[in-house]
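Work through the following exercises with the sequence and the model at hand, and try each task before reading its solution.

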Amino acid sequence: MEDQQQDLIPVHIMGKRYMVPPTLTIVKAMEYAGYQLIRGVGCRGGFCGACGTAYRVKGDPKLYFGLACQTVVEPNMYLAQIPFFPAQRATYDIAQMEATPATFFSTYPELLRCLGCGACTKACPQDLDVRAYMAAGMKGDIAEMADLSFDCIMCGLCAARCPAEEAQYNVAILARRLYGRYLAPRSPHLAQRVEEIEGGQFNTRLEQLKELGRDELVQRYEARDVEPEERG
Amino acid sequence: MGGYPAEMQESIRHVEATRMHRMDETYPRMPIEERQRLLDDFHPDYIDERMRAIRVGVSKGQRMPLELADVIEGRPHIGPDFNLSEPRAETDVLIIGGGGAGASAALVAQESGARVILTTKLRFGDANTMMAQGGIQAADRPNDSPAIHYLDVIGGGHFTNDPDLVEALVRDAPLVIDWLERLGMMFDKEPDGTMVERHGGGTSRMRMHSARDYTGAEIMRTLRDEVHNREDQIRVVEFSPAVELVLDDHGHVSGAIVMNLELKAYFYIPAKAVVMATGGGGRLHFQGFPTTNHYGATADGVVMAYRTGAELGYLESMQYHPTGAAFPEQILGQLVTEKTRGLGAQPVNRAGDQFVYPLEPRDVEAAAFIRECQGRGNGIVTPTGQPGVWLDSPMIEMIHGPGTIAENLPAMVRQFSRFGIDMTKEPLLVYPTLHYQNGGVRLEADGSTRVPGLFIAGEVSGGVHGHNRLMGNSLLEVTVYGRRAGRSAAHYAQDAKLGQPSLAHVARWNEELNDVGVDTGVTSPILLPDYTRVT
Ligand SMILES: Cc1cc2nc3c(=O)[nH]c(=O)nc-3n(C[C@H](O)[C@H](O)[C@H](O)COP(=O)(O)OP(=O)(O)OC[C@H]3O[C@@H](n4cnc5c(N)ncnc54)[C@H](O)[C@@H]3O)c2cc1C
Ligand code: SF4
Ligand code: SF4
């Protein structure tokens, strides 16, 4: 890569102009410019939501959003890493709740203030329809909110843009947890296995396996039957 | 924008041409003897010039990658004369690391009656746990059992795993799935509640549970949310990595020195017990490999624990994940989840031919990819010179029907579409990437170590997976051992009395380095890699 002669492009980081290679992501461009990042960087793989960023390009009135670790620089970008956006979060005991709309509204009463403006949807770097999941929430449809918000990485960009001061992602995780604990159908085979384990059913077999020497283990391992992959 | 350049498109046509025929072609699994030959010749762990033994400490003589040895033999941040008489806070159990293991430990330590502080390097949840996509193993289907799971784990680990640790792992597995579900985690399920479970590399039963391809994120955000709900009893301190453990005059762990990452100020947090849950070390870029790991994965826990006399093990084996992204350059080394192969995508070479069974244990699969490129010259080379092989993702929808990829791999689709690649229609170029630290600090099945008061959980530990971890067993490990270590630490703390805190072990460490004449020029733990150009 290094020996490839690249033309550098100008970007503006916190108001200062730097020349960087055009193939870099925003995070790597800032590092190329000499910044050792602490805030606004996390997993560097698009999963942790630490590097949500807003930027402008010279001559273009639009404000753009993205994850700094996944967005490639463009000439004349104006960049700044925004720290995690502060947002209201309720404290609750998931074990003592009921998965009903009432629980939902009493935990986050401000949910009903959503104006349906869609500023959140425009900002979401995961391309979620945030307004739609908030609308599901306002209808009290916990399952739908859980489903529509599932890919949320809790970056906070939606909250940063919301005129109604919502903390969309915090409401959404409550929906998912209520769904997971109370509304998702239970798994009969899991319940059965938990009971067996608690009854000590596999203890002897495991003890026996632990006693086996290497050769015997290798033999049993090689002789395992492998469940066929289901197809279709 | 983006997409594949013309030279690569040409090879894609070969992949398309063989696809129909490959649909019914099963490439045979590799016999055990051939596996060993392949590893010897092509796996990075077996390249002698890139490995060395460490020269100091209780595990001296242990072989590991050069980059790790240099960090382990590094000099401490603070001197033995650091002032311990003005502690900042105080607690029963101090948890170092805010990933899946740390969060699990925090919850269970608190439930066991302890006051808890969790201190972490960046934000709570900026962790490898958050990035895990594929799934978590647990033997909960009727045709499966913890005993079968045991065999898979130990065979995958080349029969070198610690049997007690494997036993705890597989037996607790269904209990942990149940625990996560009660905390509100959303697993993939059939309409009747049956868990959707698939194969992973090296599994003999379908036992890979998932939450779309955000499995780790779903675990992490659920645990984190629960920790926040208990803010009265669990205090979370962010942007504050630990840099050294503190012992007391009896040699018992009595807290840690923590650094405020922004102010670069150090302070002491006394604690009756410590759970080390700092995760792995991919950001040390062993042998120059790119990595899937998060920014703060720099093997800090191994460094700190070792200076207090904890034993290390299995660090001679690192896991190189076979399918790191090899194109485009911007996401080089980032993970293409194994679930992609689990769903039916085959690895194929430049000519569009299969060359390895798609789901061998990871070390074997990775070595086979390297052999195909470096040894046989059948790889594809990108415009920046990066070699790779194809992963034929469009097969997935031919097998399972249209929409399967969007449904099961949304994170993957998003990742590649940002760079103009549609994985439902085009294959992905992949090459091994540094993924997981198989080894680390030795522990007992209750999470304890040979140092009183020091407990270990998660990727920082060594022994559970032997010399090779199977996919889905480390999300399992972090929850199983996070819970175990949290419980043990809380119980230990109940009776523990703090003696006189001391950094005498730091002085001894420096002396030992001096005696042996070791100076790697590194101050460790290193906390963050330095990617700035001006160095
Ligand atoms: C991309 C990717 C995909 C994966 N997919 C899977 C999968 O599908 N299935 C599976 O089972 N496993 C998977 N794994 C592996 C698994 O995710 C990790 O091994 C596991 O999550 C590690 O958890 P942990 O809690 O031990 O460490 P982490 O989750 O990494 O957490 C460690 C935490 O400690 C913090 N820390 C580090 N040093 C310090 C310090 N000095 N002081 C304070 N805090 C510190 C870190 O910042 C981090 O927050 C994957 C890993 C990656 C990277
Ligand atoms: S930005 Fe706020 S008010 Fe507008 S749709 Fe989204 S949540 Fe509602
Ligand atoms: S919904 Fe909000 S917090 Fe979640 S990913 Fe989108 S912008 Fe970020």
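**Exercise 1. Find the salt-bridge partner of B:Glu338, and say whether the two residues are buried or exposed.**

Step 1. A salt bridge is a side-chain nitrogen of Lys or Arg within 4 Å of a carboxyl oxygen of Asp or Glu, and by this rule B:Glu338 is joined to B:Arg362, with the closest N and O atoms 2.7 Å apart.

Step 2. B:Glu338 sits in the loop between β14 (318–325) and α10 (339–342) of chain B, while B:Arg362 belongs to helix α11 (residues 362–375) of chain B, so that the pair, 24 residues apart, links distant parts of the chain; helices (H or I, at least four residues) and strands (E, at least two) are DSSP runs, numbered from the N terminus.

Step 3. Buried means under 20% relative accessible area, exposed over 50%, and partly exposed in between (1.4 Å probe, protein chains only); both B:Glu338 and B:Arg362 are buried.

Before going on, note that this is a predicted model, in which local features need pLDDT of at least 70 and side-chain atom pairs count only at pLDDT 80 or more, whereas totals for chains, interfaces and linings use all residues. Residues are numbered from 1 along each chain as its sequence is written, chains are lettered from A and ligands numbered from 1 in the order in which they are written, and side-chain values use heavy atoms, with hydrogens and water left out.

**Exercise 2. Which parts does the salt bridge of B:Arg484 and B:Asp172 tie together?**

Step 1. The side chains of B:Arg484 and B:Asp172 meet at 2.8 Å, N to O.

Step 2. B:Arg484 lies in helix α15 (residues 473–495) of chain B and B:Asp172 in helix α7 of chain B, and therefore the pair ties together parts that are 312 residues apart in sequence.

Step 3. Both B:Arg484 and B:Asp172 are buried.

**Exercise 3. Describe the salt bridge between A:Arg186 and B:Glu181.**

Step 1. The closest N and O atoms of A:Arg186 and B:Glu181 are 3.3 Å apart.

Step 2. Because A:Arg186 lies in the loop between α7 and α8 of chain A and B:Glu181 in helix α7 (residues 163–182) of chain B, the pair joins two chains.

Step 3. A:Arg186 is partly exposed, with a relative accessible area of 43%, whereas B:Glu181 is buried, with a relative accessible area of 2%.

**Exercise 4. How many residues of chain A are in contact with chain B, and how many salt bridges cross the interface?**

Step 1. Taking contact as heavy atoms within 4.5 Å, 79 residues of chain A are in contact with 101 residues of chain B.

Step 2. The rule finds 13 salt bridges across this interface, including one between B:Arg212 and A:Asp147, whose closest N and O atoms are 2.5 Å apart.

Step 3. Among the helices of chain A, α8(A) gives the most to the side that touches chain B, with seven residues. The residues of that side divide into 38 nonpolar (Ala, Val, Leu, Ile, Met, Phe, Trp, Tyr, Cys and Pro), 16 polar (the others, Gly among them) and 25 charged (Asp, Glu, Lys and Arg).

**Exercise 5. How do β10 and β11 of chain B pair?**

Step 1. Two strands pair if DSSP finds at least two bridges between them; strand β10 (residues 253–260) and strand β11 (residues 265–269) of chain B pair in the antiparallel sense over five bridges.

Step 2. B:Ile257 stands opposite B:Tyr268 in β11(B).

Step 3. The hairpin of β10(B) and β11(B) has four residues between the strands, and there B:Lys264 takes a positive phi near 55 degrees.
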